[in-house]
Amino acid sequence: MRTAVMTVDGTDRLLCFSTRVIRDVVDRFGDVSKINDALNDEDKCRALDNAVWLLSRMMDAGGRYARLNGIENPEPLSYEDLYDSLDIGDFTRLRQKIQETIVNGGQRTVDAVPGKNT
(Lines give C-alpha, C1' and ligand atoms only; values in the text may rest on other atoms or scores of the structure.)
Protein backbone atom coordinates (compact mmCIF):
# COMPACT_ATOMS: atom_id res chain seq x y z
CA MET A 1 0.00 0.00 0.00
CA ARG A 2 1.22 3.48 -0.76
CA THR A 3 1.59 5.21 2.60
CA ALA A 4 3.58 7.93 4.32
CA VAL A 5 3.50 9.69 7.67
CA MET A 6 2.84 13.39 8.08
CA THR A 7 3.39 15.31 11.31
CA VAL A 8 0.76 17.94 12.06
CA ASP A 9 0.97 19.88 15.34
CA GLY A 10 3.51 17.38 16.66
CA THR A 11 1.34 14.33 15.97
CA ASP A 12 2.20 11.74 13.32
CA ARG A 13 -0.68 10.73 11.10
CA LEU A 14 -0.73 8.04 8.44
CA LEU A 15 -1.45 9.06 4.84
CA CYS A 16 -2.57 6.50 2.28
CA PHE A 17 -3.04 6.70 -1.50
CA SER A 18 -5.79 4.09 -1.69
CA THR A 19 -8.20 3.27 -4.49
CA ARG A 20 -10.79 5.35 -2.63
CA VAL A 21 -8.47 8.37 -2.90
CA ILE A 22 -7.77 7.62 -6.56
CA ARG A 23 -11.50 7.58 -7.25
CA ASP A 24 -11.96 10.91 -5.42
CA VAL A 25 -9.05 12.40 -7.39
CA VAL A 26 -10.61 11.30 -10.69
CA ASP A 27 -13.95 12.80 -9.64
CA ARG A 28 -12.30 16.11 -8.71
CA PHE A 29 -9.53 16.51 -11.32
CA GLY A 30 -10.66 14.21 -14.14
CA ASP A 31 -7.56 12.00 -14.02
CA VAL A 32 -4.84 10.97 -11.57
CA SER A 33 -2.23 12.37 -13.95
CA LYS A 34 -3.63 15.86 -13.29
CA ILE A 35 -2.62 15.96 -9.62
CA ASN A 36 0.59 17.82 -10.41
CA ASP A 37 -1.32 20.41 -12.44
CA ALA A 38 -3.79 20.89 -9.58
CA LEU A 39 -0.96 21.44 -7.08
CA ASN A 40 0.78 23.88 -9.40
CA ASP A 41 -2.29 25.89 -10.35
CA GLU A 42 -1.47 29.52 -11.19
CA ASP A 43 -4.12 30.53 -8.66
CA LYS A 44 -2.12 29.85 -5.49
CA CYS A 45 -5.22 29.75 -3.28
CA ARG A 46 -6.76 27.10 -5.52
CA ALA A 47 -3.46 25.15 -5.48
CA LEU A 48 -3.46 25.31 -1.67
CA ASP A 49 -7.11 24.21 -1.55
CA ASN A 50 -6.26 21.26 -3.78
CA ALA A 51 -3.28 20.24 -1.63
CA VAL A 52 -5.22 20.43 1.64
CA TRP A 53 -8.18 18.59 0.09
CA LEU A 54 -5.93 15.80 -1.21
CA LEU A 55 -4.09 15.50 2.11
CA SER A 56 -7.39 15.31 3.98
CA ARG A 57 -8.51 12.48 1.67
CA MET A 58 -5.15 10.70 2.14
CA MET A 59 -5.31 11.19 5.90
CA ASP A 60 -8.84 9.76 5.99
CA ALA A 61 -7.66 6.79 3.92
CA GLY A 62 -4.69 6.40 6.28
CA GLY A 63 -7.10 6.18 9.19
CA ARG A 64 -9.14 3.51 7.40
CA TYR A 65 -5.99 1.58 6.48
CA ALA A 66 -4.73 1.75 10.09
CA ARG A 67 -8.06 0.46 11.46
CA LEU A 68 -8.14 -2.43 8.98
CA ASN A 69 -4.57 -3.43 9.80
CA GLY A 70 -4.55 -2.88 13.58
CA ILE A 71 -2.13 0.04 13.36
CA GLU A 72 -2.31 2.65 16.08
CA ASN A 73 -3.06 6.00 14.47
CA PRO A 74 -4.78 9.14 15.76
CA GLU A 75 -8.10 10.18 14.26
CA PRO A 76 -7.64 11.89 10.89
CA LEU A 77 -8.07 15.64 10.76
CA SER A 78 -10.96 16.91 8.68
CA TYR A 79 -10.37 19.24 5.73
CA GLU A 80 -11.38 22.19 7.91
CA ASP A 81 -9.21 21.13 10.86
CA LEU A 82 -6.26 20.47 8.59
CA TYR A 83 -6.65 23.91 7.03
CA ASP A 84 -6.62 25.48 10.51
CA SER A 85 -3.52 23.48 11.53
CA LEU A 86 -1.31 24.57 8.62
CA ASP A 87 0.00 27.81 7.22
CA ILE A 88 1.12 28.96 3.79
CA GLY A 89 4.73 28.21 4.74
CA ASP A 90 3.80 24.53 4.87
CA PHE A 91 2.75 24.44 1.20
CA THR A 92 6.04 23.00 -0.11
CA ARG A 93 6.00 20.32 2.60
CA LEU A 94 2.38 19.48 1.74
CA ARG A 95 3.26 18.86 -1.89
CA GLN A 96 6.27 16.76 -0.87
CA LYS A 97 4.10 14.58 1.41
CA ILE A 98 1.57 14.09 -1.37
CA GLN A 99 4.34 12.99 -3.76
CA GLU A 100 5.92 10.75 -1.13
CA THR A 101 2.60 9.03 -0.43
CA ILE A 102 1.87 8.47 -4.12
CA VAL A 103 5.34 7.11 -4.86
CA ASN A 104 5.82 4.93 -1.74
CA GLY A 105 4.93 1.35 -2.45
CA GLY A 106 4.92 2.01 -6.17
CA GLN A 107 8.33 0.45 -6.67
CA ARG A 108 8.24 -3.27 -7.30
CA THR A 109 10.98 -5.77 -6.56
CA VAL A 110 11.41 -8.96 -8.52
CA ASP A 111 13.39 -11.89 -7.14
CA ALA A 112 15.02 -13.87 -9.93
CA VAL A 113 15.87 -17.51 -9.41
CA PRO A 114 18.92 -18.62 -11.39
CA GLY A 115 18.43 -21.49 -13.82
CA LYS A 116 19.89 -24.96 -13.29
CA ASN A 117 22.90 -24.44 -15.53
CA THR A 118 23.99 -21.00 -14.29
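Predicted model: local features only at pLDDT ≥ 70, side-chain atom pairs only at ≥ 80, totals over all residues.
**A walk through helices, rings and charges**

Let's begin with Tyr79: its relative accessibility is 27%, so this residue counts as partly exposed, since that value falls between the 20% limit for buried and the 50% limit for exposed. You can find both Tyr79 and Tyr83 in helix 4, which covers residues 79–85. They sit four residues apart there, about one turn of the helix. We will come back to these two tyrosines in a moment.

Now for the aromatic rings. A pair of aromatic rings is described by two things, the distance of the centres and the angle of the planes. How many aromatic pairs are there? The count is two. One of them brings together Phe29 and Trp53, with 5.7 Å from centre to centre and 85 degrees between the planes. This pair is edge-to-face, because planes over 60 degrees apart are given that name. Follow the chain and you will see that the pair links distant parts of it: Phe29 belongs to helix 1 (residues 19–29), Trp53 belongs to helix 3 (residues 44–68), and 24 residues separate them. Are Phe29 and Trp53 buried or exposed? Both are buried. Tyr79 and Tyr83 also form an aromatic pair, with their ring centres 5.4 Å apart and their planes at 80 degrees, again edge-to-face.

Two packed helices are described by the angle between their axes and the distance between the axes. For helix 1 and helix 3, the angle is about 155 degrees and the axes are 9 Å apart. Helix 1 is therefore roughly antiparallel to helix 3, because the cut-off for that label is over 145 degrees. Their crossing is right-handed.

Next come the charged side chains. How many salt bridges does a search of the whole structure find? It finds six. In one of them, Arg57 meets Asp24, and the closest N and O atoms are 2.7 Å apart. With a relative accessible area of 23%, Arg57 is partly exposed. Asp24 and Arg57 also belong to a network of salt bridges, in which they are linked with Asp60 and Arg64.

Asp41 is buried, as its relative accessible area is 18%, and the cut-off for buried is under 20%.

How many disulfides does a search of the whole structure find? The search finds zero.

Technical notes: Residues numbered from 1 in each chain as written. Heavy atoms only, no water. Phe/Tyr/Trp six-rings, centres within 6.5 Å; stacked < 30°, edge-to-face > 60°. Buried < 20%, exposed > 50% of the residue type's maximum accessible area, 1.4 Å probe, protein only. Salt bridge = Lys/Arg side-chain N within 4 Å of Asp/Glu carboxyl O. Disulfide = S-S within 2.5 Å. Axes fitted to C-alpha atoms, helices over the stretch in contact; angles between N-to-C directions. Parallel < 35°, antiparallel > 145°, perpendicular 65-115°, else oblique. Left-handed = near helix turned anticlockwise from the far one by under 90°.
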